[in-house]
Amino acid sequence: MLFLKNLLFTVLIPGTVSTYVPLVWAGNRPPASGVVAVLGGAVLALGAAVYAWCVWDFATFGRGTPLPIDAPRRLVVRGLYRWTRNPMYVGVLTVILGWAVWFRAPVLVAYAAGVWGMFHSFVVFYEEPHLRALFGADYEAYCRRVRRWVPVPRVPPG
């Protein structure tokens, strides 16, 4: 059941934002060829892999989905969440940028910037306060260790 809920959410929300809308906006543009096509495909694959890894961690460790009303029951701080608090959003944005490269479509770069703005607002005004209320001191400690968007390389102690 958890697999189906994650699949349904992925198709409806991130699938629409990261694939359906960019393909509609790309319109009749021909896809790139050669090196640009390979680069666009690699960026798309990277974004999809990041998203899939995050959903896997939400389901297997957190026992939930990315849908706020069915969020993980445990705070997920493993996998890519060790490096940034929002890798799932980063994965979705990376897919959009992959389409921008694939179709050589600057409009999709602007779309990605707008989507990031919506993600940022949602994270700051809803998600973080909700996680603070739900997980308390554990979430506060996590926020002190891990940045919201851009990872900071850390040298292990010792």
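**Set-up.** I am working with a predicted model, in which local features need pLDDT of at least 70, side-chain atom pairs count only at pLDDT 80 or more, and totals for chains, interfaces and linings use all residues. Residues are numbered from 1 along each chain as its sequence is written, and side-chain values use heavy atoms, with hydrogens and water left out.

**Helix pair.** I took helices as DSSP runs of H or I with at least four residues, numbered from the N terminus. I looked up helix α3 (residues 34-60) against helix α4 (residues 87-102): their axes come within 7 Å and cross at roughly 160°. Axes here are lines fitted to C-alpha atoms over the stretch in contact, with angles from 0 to 180 degrees between N-to-C directions. The crossing angle therefore makes α3 roughly antiparallel to α4 (the term applies over 145 degrees). The crossing of α3 past α4 is left-handed, meaning that the near helix is turned anticlockwise from the far one by less than a right angle. I noted the classes in this contact as 20 nonpolar, 6 polar and no charged residues. Nonpolar covers Ala, Val, Leu, Ile, Met, Phe, Trp, Tyr, Cys and Pro, charged covers Asp, Glu, Lys and Arg, and the others, Gly among them, are polar.

**Largest pocket.** I then asked how much space lies in the largest pocket. The value is about 680 Å³. A pocket is an open set of points on a 1 Å grid over the protein atoms alone, where a 1.4 Å probe fits, with protein on both sides within 12 Å along at least five of seven lines; lining residues have an atom within 4 Å of a point. Points are joined across faces, edges and corners, and the volume is the space filled by probe spheres set on them. I find 34 lining residues, and F58, P66, Y89, F122 and E127 are the closest to the pocket centre. Two or more residues come from each of α2 (14-26), α3, α4, α5 (106-135) and α6 (137-145). I see that α5 gives the most, with 10 residues. The lining has 28 nonpolar, 3 polar and 3 charged residues.

**Second largest pocket.** I read a volume of about 210 Å³ for this one. Its lining is L2, F3, N6, L7, T10, V55, W56, A59, T60 and R63. The elements giving two or more residues are α1 (2-12) and α3, and α1 gives the most, with 5. I logged 6 nonpolar, 3 polar and 1 charged residue in the lining.

Is F9 buried or exposed? I find F9 buried, at a relative accessible area of 12% (buried means under 20%, exposed over 50%, partly exposed in between, with a 1.4 Å probe and protein chains only). F9 is in helix α1 and its C-alpha lies 7.9 Å from that of T65, 56 residues away in sequence. L7, also placed in helix α1, is partly exposed at 41%.

R63 lies in the loop between α3 and α4 and is partly exposed at 45%. R104 sits in the loop between α4 and α5 and is partly exposed at 43%.

Technical notes
Angles under 35 degrees count as roughly parallel, over 145 as roughly antiparallel, 65 to 115 as roughly perpendicular and the rest as oblique.
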